[in-house]
Amino acid sequence: MKKNSILYVGNDLVKKTNYNTSMAVLTKLLCKEGFYVLKTSKKQNKILRLSDMCFYVLKNIKKVDYILIDTFSTSNFYFAFFTSQIARLFKLKYIPILRGGDLPNRLDNSIKLSKMIFKNSYFNIAPSGYLEYEFNQRGYMTKFIPNILEIDNYIYKERKIISPKILWVRAFKELYNPKLAIKVLSIIKEKYPNAKLCMVGPNNDESFTETQKLVTTLSLDNSVEFTGVLPKEEWHKKAIDFDLFINTTNFDNTPVSVMEAMALGLVVISTNVGGLPYLINNKVDGFLVDKDDEVTMSDVIITLLEHQNHLEIVKNARKKAESFGWNIVKHEWLSILK
């Protein structure tokens with residue numbers, strides 16, 4: 001049976017950012033399943049990227065069976081709007097993949113545009129239970145298919161004893177509250193002077209400079225490492241030397257970096273926002289605390305270090321991460337792209 005052809009519309013910027021995105025992973029795996037997949041766009045400038053996306057949709061309108069559209073909540077929302085409406089005009093099946101953690105607010109603030117996109121789609125796909133719930137609550141029929149982990153690439157390290165070595169992996173962006181990580185480290189060092197923090201990620205806004213300033217203000221220069229962007233394989237290798245993973249975001253969907261940390265055997269402590277409570281079962285496969293609460297996050301870490309009662313938690317986290325493997329998730333995709 002001949003597999004269908006697909007055009008994937010998203011930010012195809014892997015070579016420029018060194019991040020192996022969900023778009024890159026899914027397209028590669030669909031190709032291995034025998035699908036013919038085109039991608040757009042590699043343009044960095046947003047106006048050029050939108051033009052490129054629209055051009056590719058028009059160019060391939062009679063050549064593909066489906067269009068997958070990565071859908072975000074901020075300015076990139078309009079990429080999804082324009083490309084979906086071109087597909088709609090030509091009666092081509094399009095499938096928004098809901099990436100933006102703040103999409104529920106976008107639904108409420110852009111009601112007409114949202115209806116035009118999500119009421120006319122072939123399927124709406126939510127990579128998190130959180131967005132599945134929020135979209136269904138507003139009358140947009142949505143199916144949950146998680147982000148994919150190529151689980152065989154994640155070497156699980158059993159850490160029988162954990163030490164105050166903390167890893168943070170995210171873009172430096174105000175929304176992700178990187179300064180919280182520094183505040184947490186400062187508290188932990190009062191009891192564990194040898195505590196270390198490694199922060200992996202690109203500089204996206206002024207929060208990077210502000211975080212560096214806070215490090216100096218709190219006299220933590222010798223305890224914090226900034227690596228900048230690291231390819232997935234490199235930060236995975238670096239993770240071997242760390243035991244704890246903190247996610248400090250003020251709002252989020254389902255961060256792949258958190259899923260990866262669970263797969264690698266790190267103890268995950270995250271803020272309890274957006275889609276995180278749909279990913280992490282508190283005190284079962286990770287820990288959740290209120291956003292911007294360095295005291296509680298520090299208390300959780302100190303308690304873990306004192307009691308070393310983490311082994312069952314990380315085993316459960318690895319088991320959950322395995323449920324995101326392609327051998328399981330692919331059946332959901334294949335049932336749609338038939």
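1. Helices (H or I, at least four residues) and strands (E, at least two) are DSSP runs, numbered from the N terminus. By that count, strand β4 (residues 93-98) is mostly covered, with 5 of its 6 residues buried.

2. A word on provenance. This is a predicted model, where local features need pLDDT of at least 70 and side-chain atom pairs count only at pLDDT 80 or more, while totals for chains, interfaces and linings use all residues. Residues are numbered from 1 along each chain as its sequence is written, and side-chain values use heavy atoms, leaving out hydrogens and water.

3. Now the overall picture. The protein has 15 helices and 12 strands. Its radius of gyration is 21 Å, which agrees with the value near 20 Å that a compact globule of 338 residues would have; the radius is taken over C-alpha atoms, and the globule rule is 2.2 Å times the number of residues to the power 0.38. Along the principal axes, the C-alpha atoms fill a box of roughly 65 × 40 × 35 Å.

4. Taking contact as heavy atoms within 4.5 Å, residues 24 or more positions apart account for 75% of the contacts with a separation of 6 or more.

5. The mean positions of the 47 positive and 35 negative charges are 10 Å apart. Here Lys and Arg count as positive and Asp and Glu as negative, with His and the chain ends not counted; each charge is placed at NZ of Lys, CZ of Arg, CG of Asp or CD of Glu.

6. Back to β4. Strand β3 (residues 66-71) pairs with β4 in the parallel sense over 6 bridges, where pairing takes at least two DSSP bridges between two strands. Thr71 stands opposite Leu98 in β4.

7. Pro127 is worth a click. This proline sits in the loop between β5 (124-126) and α7 (129-137) and counts as buried, at 4% relative accessibility. Leaving aside neighbours within four places in sequence, its contacts include Ile97, Leu98, Phe144 and Thr254. Ile148 is 21 residues from Pro127 in sequence and 9.0 Å away in space, C-alpha to C-alpha.

8. Then there's Lys115, in helix α6 (residues 111-118). Lys115 is partly exposed, with a relative accessible area of 44%. Not counting residues up to four places away in sequence, Lys115 touches Asn120 and Tyr140. Gly139 is 24 residues from Lys115 in sequence, with 9.6 Å between the C-alpha atoms.

9. Finally, some backbone geometry to look at. A cis peptide bond joins Thr40 and Ser41, with omega about 15°; Ser41 lies in the loop between β2 (36-40) and α3 (46-59). Ser219 has a positive phi, near 55°, in a residue other than glycine. Its loop runs between α9 (207-217) and β9 (224-228), and Ser219 counts as exposed at 62%. Phi of Asp292 is also positive, near 55°. Asp292 is in the loop between β12 (287-289) and α13 (294-307) and counts as partly exposed at 42%.

Key
Buried < 20%, exposed > 50% of the residue type's maximum accessible area, 1.4 Å probe, protein only.
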